[in-house]
Amino acid sequence: METLSENRCFGGTQGVYKHASSATACDMTFGLFLPEEAQDGPVPILWYLSGLTCTHENAMTKAGAQQWAAEQGIAICFPDTSPRGDNVADDEAFDLGKGAGFYLNATQDPWAPHYRMWDYVADELPALLADQFAIDPDRQAITGHSMGGHGALTLAMSLPGRFRSVSAFSPICNPTGGDWGRKQFTAYLGTDEATWKAHDASILMADKGFDGPVLVDTGTSDQFLDLLRPETLAEAAAKRRQQIQFRMQPGYDHSYFFVSTFMEDHVAFHAEALYA
């Protein structure tokens, strides 16, 4: 693992690191904020999964999460959204290929050799962090924005017992039913739609739910509402009687101005579960 940078931040350290990933068969870069408490022993961790076109850097510099994580004594990891490199398959469209890994394991060419973001985020990166940093693997929570909100919800519901809480900002809630999903799932997973269901938060909510608290924020002025389909998740949660805070925030859009506005709420929400 190579240290690319480390900066003092709210009493802790904001680092950026690169390592050779066996899951994605290429070098991967991630950001990790460690609060001051990490100097004395393992701390809880909140995973933040970013959305389409993003790298580890977007949320790390725009979400304002470190201030609130420092107050709560929580680490935050910012993984990349896809594999990178000259030999990694890509597409001219912004919503397929690099920057659009959708947090799944691709089975179709040319994506299958590298696009294994599920294995990377669920297994490889957590093991690396637990080995190299003062992270408590028994106290994990997860959040994300847009495509990352989709990833946070699907990972949380598919890995029972892993995360104590899950939240999402403007998540893609029903990718099997909209253009932000059907296009990518066809490319990455093939035309058998039965294989898509494992990566649809609304379907997983109906089938499994989450054994813990859930918080979802979406702006009423989000320019991508028709692609996000938040009503499908709300309906599934209501039918399941899932413990959930589902909030439509008046006037907010899809940007990091929205994310940063409610980041304090989300970090406090996770802190309550992580320190319970």
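1. Ring pairs join F169, Y252, F258 and F262 into a cluster. The model is a predicted one, and the points below should be read with that in mind.

2. In total, the structure contains 13 aromatic pairs. One of these is formed by Y17 and F30.

3. The Y17 and F30 pair links distant parts of the chain. Y17 belongs to strand β2 (residues 12-21), while F30 belongs to strand β3 (residues 26-34); the two are 13 residues apart.

4. Are Y17 and F30 buried or exposed? Y17 has a relative accessible area of 3% and is therefore buried, since buried means under 20%. F30 is buried as well, at 0% relative accessibility.

5. A further aromatic pair consists of W180 and F224. This pair is also tilted, with 4.9 Å from centre to centre and 35° between the planes.

6. Which parts of the chain does the W180 and F224 pair tie together? W180 sits in helix α5 (residues 179-189), and F224 sits in the loop between β8 (214-219) and α7 (225-228), so the pair connects parts 44 residues apart in sequence.

7. For W180 the relative accessible area is 6%, so this residue is buried. F224, by contrast, is partly exposed, with a relative accessible area of 26%.

Note on methods. Residues are numbered from 1 along each chain as its sequence is written. This is a predicted model: local features need pLDDT of at least 70, side-chain atom pairs count only at pLDDT 80 or more; totals for chains, interfaces and linings use all residues. Side-chain values use heavy atoms; hydrogens and water are left out. Rings of Phe, Tyr and Trp (its six-membered ring) pair if their centres lie within 6.5 Å; planes under 30 degrees apart count as stacked, over 60 as edge-to-face and the rest as tilted. Helices (H or I, at least four residues) and strands (E, at least two) are DSSP runs, numbered from the N terminus. Buried means under 20% relative accessible area, exposed over 50%, partly exposed in between (1.4 Å probe, protein chains only).
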